[in-house]
Amino acid sequence: LAITIVYTGINVIFRGGDIGGFFGELVKLILFAGFFLWLLQNGFKMGTDIVSSFAQLGSTSIGSDETLNPSGVVGIGFDLWDKAWPNVKDLGIAEKLGAIILLCMAVIISGLIAVNMLLLNITAWLFGFVGIFLLGFGGSRFTSDMAIAYFKSLLNIGLQIHTMIIIVGIGKKVVLDATAGMASFYFFDFVVICLIMIVIFILSNKVPQMVGALAGGVGGGGVTFGAGSVLAAAGTAVEGVTAAPAMINKGGEALAG
């Protein structure tokens with residue numbers, strides 16, 4: 001602050017200003033520093049309020065009274081398991097193996113989505129608490145951008161959390177609607193469930209980062225498994241299911257031999 005006052009005084013002198021101009025600049029500088037001092041004292045609460053407000057707004061957008069959290073996202077996979085698992089026993093041997101693999105993949109994907117949301121929540125807390133010292137740089141015009149970047153980053157993360165809650169909330173409704181009218185599950189139904197979870201995962205992994213970029217700043221990163229990785233895992237699972245009948249036949253022939 002003292003350096004800024006000296007620098008401002010030198011500028012006024014070289015511009016040929018009078019004592020009135022100097023005190024005018026001094027008053028503006030004091031107001032500027034006082035504003036950032038107020039932000040420094042209240043910045044953490046403001047930052048947490050920004051993030052929690054976006055989370056609450058996202059839950060309101062999907063018609064939920066409670067804020068969607070990572071445990072609620074994992075619950076989607078467990079609900080699918082509870083509803084679909086009793087129908088596995090009605091399938092054939094090969095289809096039963098494939099259904100178990102697809103069902104396990106759906107639960108794992110729901111866990112990855114929950115990890116993405118958990119990472120955003122942890123990043124928001126760390127940015128809000130650890131990054132509070134950046135507001136101390138707001139007292140100088142030379143470093144005030146660092147203090148502004150603090151709120152930009154929190155706004156970025158808040159937008160990401162808001163977008164993720166909307167995507168996961170809509171995806172949860174799609175999954176529930178897709179399984180609500182199913183009295184019994186066929187193998188194709190397990191494929192559809194797994195594909196829906198893959199789509200939700202990809203959207204929740206990519207779209208929030210793009211929306212958060214609107215605010216600038218530095219946002220949080222999620223689990224960076226792309227569409228290729230997830231689809232490759234699904235392809236491996238399908239290949240295993242396809243090869244299962246041949247493996248069973250070879251095993252039967254060997255046993256008969």
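Modeller: Asp 49 and Lys 45 sit four residues apart in helix H2 (residues 19-61), so about one helical turn separates them. Keep in mind that this is a predicted model. The two residues form a salt bridge. Their closest N and O atoms are 3.1 Å apart. A salt bridge needs a side-chain nitrogen of Lys or Arg within 4 Å of a carboxyl oxygen of Asp or Glu, so this pair qualifies. A search of the whole structure finds one salt bridge.

How open to the surroundings are the two partners? Lys 45 counts as exposed, because its relative accessibility is 57%. Asp 49 has a relative accessible area of 34%, so it is partly exposed.

Now look at a nonpolar surface patch. Phe 44, Leu 118, Ile 122, Trp 125, Leu 126, Phe 129 and Val 130 make it up. The patch covers about 650 Å². Helix H4 (residues 93-130) gives the largest share, with six residues. Val 130 lies in that helix, H4. Val 130 counts as partly exposed because its relative accessibility is 48%.

Next, step back to the protein chain. It has seven helices and zero strands. Read from the N terminus, the elements run α-α-α-α-α-α-α. The chain holds 257 residues, and 37% of them are buried. Its accessible surface comes to about 14,000 Å². Carbon and sulfur atoms account for 72% of that surface. Contacts also reach along the sequence. Take those between residues at least 6 apart: 80% of them join residues at least 24 apart.

Last, check the confidence. The protein chain averages a pLDDT of 75. A score of at least 70 is reached by 72% of the residues. Helix H6 (residues 187-212) has the highest confidence, at a mean of 87. Helix H7 (residues 227-256) has the lowest, at a mean of 44. Over residues 225-257, pLDDT stays under 50. For that stretch, the model has 20 contacts beyond four places in sequence. Where pLDDT is low, predicted coordinates should not be read in detail.

Key
Residues are numbered from 1 along each chain as its sequence is written. Side-chain values use heavy atoms; hydrogens and water are left out. Patches are made of residues with over 30% relative accessible area and no salt bridge: like charges are joined within 9 Å, nonpolar side chains (Val, Leu, Ile, Met, Phe, Trp, Tyr) within 5 Å. Accessible areas come from the Shrake-Rupley method with a 1.4 Å probe; for residues, only the protein chains shown count as cover. Helices (H or I, at least four residues) and strands (E, at least two) are DSSP runs, numbered from the N terminus. Buried means under 20% relative accessible area, exposed over 50%, partly exposed in between (1.4 Å probe, protein chains only). Contact means heavy atoms within 4.5 Å. pLDDT is the predictor's confidence in each residue, from 0 to 100.
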